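Subject: Structure for your files

Hello,

Here is the structure I said I would pass on. My notes on it follow below.

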Amino acid sequence: MLSWEYPPRIIGGLSRHVEGLSKALALMGHEVHVITLDFPGAAYEEESGSLYVHRVPVNLPAPTFHSWVLLFNHFFEKKVGQMAKEFGAPDVVHIHDWLTVSSGVAAKHMLRVPLVMTFHSTESSRSSQSQSPESAMVEGLEWWGSFEAARVIAVSSWMKTEVASLFKTPTDKVSEIPNAVDPEKFEVEVDSHAIREKWKIYNGEKLITAVGRLTAQKGFDDLIKAYANIRRSIPASKLLVVGDGYMRGELESLSNQEHVKDSTIFAGFISEADLVGVLKSSDVVVVPSRFEPFGIIALEAMAAGAPVVVSRVGGLAEIVDDSVDGLEVEPNNPVAIAEATVRVLSDGALATRLAENGRAKAKAYSWASAAKRTLETYQEAARVSKYE
Amino acid sequence: MSESSKRLLSLLMVLGAQSPEKALGSEELAAKLGVGTSEVEDELKRLVDGGYAVSIGKSGASKVYLTGTGVITASSTYS
């Protein structure tokens, strides 16, 4: 499996996906090798049962981000070659998004094995159909990957439609396999009192949590505007924003403008264990994204037993059944976000029902199930690949 | 984060400044960005204060490299 991110390098849902899937495949008895980028403090080589993680340093400088991506793919290719010598050729090469297309295609032809590509997102939706040269290059790589892959996986029905539409990929070549969660991760006991104290949530204040990269796509600016309204109805509350990104300064300024700075906490990146504790201690988790191919954080919040309020976009609208296991709101609408959040926070019976149904729903999204379906897709890829 | 901070953060990542051995100085970064050294030094201070980078060495000859948060933030618009 080739992926530019793998824990502790967690940029987005892709990292959690590759971790969950590779661990589940290894538990099924398969030998799984993940080739990924190095990260400060992380070991270059890790081995756990039949799961091997190889973190590759990029030992040359690049002038731009996009040339750096091609450069790290070069080092991935070299690693694939080394591994093939050491362990033998794999049965399949699996790439994730445009970032590893060039090394994945190279590995396919070099080792003469089937290629599978998972789309977690597309440049078209991520950059709002930007016409920049960089976006055109990324779209070209996406098409190339979808063309070279014997089978394509989309993480939601919305993403399957998107891939088929953008790249003219035959729909029977695309398998829809949703992201998943590890339920056991959320079955641990947590000391909610200590967690709330850590983040200065005092005296029965309601905890509203949002998690993600601080980028325009995630809609946290809408949430901060909404929170100004929420505070009028529920003054004893705090908004905890977990994650970091280029928009952090802008969002901090916005919270100041909206007069909610003192009750908004920007936590930055936190550990996985802390995230589980925060989700389990939250009164509501809001996912206000403008675009979300899947939205794994909503599923994690549901698994943690927190009621969720999500934008009615992409994969989020597929995960959440409105008013049954969460509340859906129109994207780009701070008023709607505020109304839904206040409903959850002020109606205990509703919050309990949404949380219980959400937890039950999340159990259906297991990595074991996702791994089984991915394995079937590998087998289909082997059947149709010219190299089998 | 300002556009210039974003550019600097991204530059540190693509140049591989992720460890003390690969730390880079403000003069080298300024030359690559085509801006003044003092401007880069101000931006670097902001990145260090924000937890995105670590500064090593003596004042005037210090170098910086990215923290894990810096790496993730630099990557955050592309995933």
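Of the 388 residues in chain A, 53% are buried. Please keep in mind that this is a predicted model.

Overall form of chain A. The radius of gyration is 21 Å, which agrees with the value near 21 Å for a compact globule because that is what the rule gives for 388 residues. Along the principal axes, the C-alpha atoms of chain A occupy a box of roughly 60 × 45 × 40 Å. Chain A has 15 helices and 13 strands. Among its contacts with a separation of 6 or more, 66% join residues 24 or more positions apart.

Domains. Chain A is assigned domain 1 (13-180 + 367-384) and domain 2 (183-363). Their C-alpha centres are 30 Å apart. Where the two touch, domain 1 of chain A contributes 13 residues and domain 2 of chain A contributes nine residues. On the domain 1 side, α1 (13-27), α4 (123-126) and α6 (157-167) of chain A are the elements that give two or more residues.

Core. The largest nonpolar core has 141 residues, and the members that touch the most others are A:Ala298, A:Val308, A:Val309 and B:Leu12. Both domain 1 and domain 2 of chain A supply at least three residues to this core. Leaving out residues up to four places away in sequence, A:Ala298 touches A:Val287, A:Val308, A:Val310, A:Leu316, A:Ile319 and A:Val320.

Helix α11 of chain A. A:Ala298 is one of the buried residues of α11(A), and A:Glu300 is another. The helix spans residues 296-303 and is mostly covered, with eight of its eight residues buried. Just after α11(A), A:Gly305 has a positive phi of about 85 degrees.

Contact between the chains. On the chain B side 19 residues are involved, and they meet 25 residues of chain A. Within chain B, α1 (3-14) and α4 (68-75) each provide at least two residues of the side that touches chain A. The most comes from α4(B), with six residues. That side of chain B consists of six nonpolar, 12 polar and one charged residues.

Regards

Conventions
Residues are numbered from 1 along each chain as its sequence is written. Chains are lettered from A and ligands numbered from 1 in the order in which they are written. This is a predicted model: local features need pLDDT of at least 70, side-chain atom pairs count only at pLDDT 80 or more; totals for chains, interfaces and linings use all residues. Two residues are in contact if their C-beta atoms, placed from the backbone, lie within 7 Å. Helices (H or I, at least four residues) and strands (E, at least two) are DSSP runs, numbered from the N terminus. Ala, Val, Leu, Ile, Met, Phe, Trp, Tyr, Cys and Pro count as nonpolar, Asp, Glu, Lys and Arg as charged, and the others, Gly among them, as polar. A residue is buried if 20 or more other C-beta atoms lie within 10 Å of its own, exposed if 12 or fewer, and partly exposed in between; C-beta atoms are placed from the backbone. The radius of gyration is taken over C-alpha atoms; the globule rule is 2.2 Å times the number of residues to the power 0.38. A nonpolar core is a set of buried Ala, Val, Leu, Ile, Met, Phe, Trp, Tyr and Cys residues joined through C-beta atoms within 7 Å. Domain bounds come from an automatic or database domain assignment.
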